[in-house]
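Here are some notes for a colleague who is new to this structure. Please read them with the model open.

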Amino acid sequence: MGIRHKPGFLRSLNQAWRGMIYTVRTQKHMQFHVVAGISVLLFAWWSRVSRFEWLILILAIGSVISAEVMNSAIETVVDMAQPNYHPLAGMAKDVAAGAVLVTAIQAAVIGMIVFAPALLRFTRGIF
Ligand SMILES: Nc1ncnc2c1ncn2[C@@H]1O[C@H](COP(=O)(O)OP(=O)(O)OP(=O)(O)O)[C@@H](O)[C@H]1O
């Protein structure tokens, strides 16, 4: 049963990966989120955050990236279903973008809380 399922699972993994690559290639916001996420992880490593803080940061970054991937999927479906101007098509895209905004604000607040002590130490070292 496992062997029979393996090709299907690998195919699904490959399709999901293709979706991720498509999103990174075509969505400038996604490119920004990936760069921001990597920068946060590097800063977390540099400032030696605790294990719990790692978990929270990874959850925050993952939320933003997955919301952006869903936003991209919704944009693609809307463009396919309604290539012409329609207020509902615009609203669907705005609502999907709103979901990304919520996760991005959440991640920014988490980042400020986690990194505040390290940033304070850093600025005290400079001045
Ligand atoms: N078919 C449409 N009908 C009405 N308004 C639309 C339509 N398509 C897009 N819009 C409006 O234009 C905005 C921008 O849409 P667009 O498809 O360019 O996505 P985007 O915000 O540029 O996303 P990204 O930059 O992540 O690709 C939407 O949020 C929506 O308000």
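**Notes on the model**

1. Just after α2, R48 takes a positive phi of about 50 degrees. R48 is a residue other than glycine. Most residues other than glycine have a negative phi. R48 sits in the loop between α2 and α3. Helices here are DSSP runs of H or I with at least four residues, strands are runs of E with at least two, and both are numbered from the N terminus.

2. On the basis of the notes: this is a predicted model, in which local features need pLDDT of at least 70, side-chain atom pairs count only at pLDDT 80 or more, and totals for chains, interfaces and linings use all residues. Residues are numbered from 1 along each chain as its sequence is written.

3. Is R48 buried or exposed? R48 counts as exposed because it has 8 C-beta neighbours inside 10 Å. The cut-offs are these: a residue is buried with 20 or more other C-beta atoms within 10 Å of its own, exposed with 12 or fewer, and partly exposed in between, with C-beta atoms placed from the backbone.

4. Helix α2 covers residues 28–46. Its 19 residues should span 27 Å at 1.5 Å a residue, and the end C-alpha atoms are 27 Å apart, which agrees. The expected span is 1.5 Å times one less than the number of residues.

5. Which residues of α2 are buried? They are M30, H33 and A44. Seen down the axis of α2, the buried residues fall within an arc of 55 degrees, so they line one face of the helix. The arc is that of the directions from the helix axis to the C-beta atoms. On the other side of α2, K28, V35, I38, S39, L42 and W46 are exposed.

6. UniProt, in an unreviewed entry, places a "binding site" at W46, S47, R48, V49 and E68. These positions are spread over 23 residues of sequence and also in space, up to 28.0 Å between C-alpha atoms. UniProt positions use the numbering given here, feature names are shortened, and annotations may be inferred rather than shown by experiment.

7. W46 is in helix α2 and counts as exposed, with 10 C-beta neighbours inside 10 Å. S47 lies in the loop between α2 and α3 and is partly exposed, with 15 other C-beta atoms within 10 Å. Leaving out residues up to four places away in sequence, S47 touches F115 and A118. Two residues are in contact if their C-beta atoms, placed from the backbone, lie within 7 Å.

8. The unreviewed UniProt entry also places an "active site" at E68. E68 is in helix α3 and is buried, with 25 other C-beta atoms within 10 Å. Beyond four places in sequence, E68 touches T23, Q27, H29, M30, H33 and V100.

9. What surrounds the ligand? The shell is made of Q27, K28, H29, E75, Q82, Y85, H86, A89, G90, K93, D94 and A97.

10. The unreviewed UniProt entry places a "transmembrane region" at residues 30–47, 54–74 and 94–120. Residues 30–47 are 94% helix and 0% strand, with end C-alpha atoms 25 Å apart. Residues 54–74 are 100% helix and 0% strand, with end C-alpha atoms 30 Å apart.

Note on methods
Near = placed C-beta within 6 Å.
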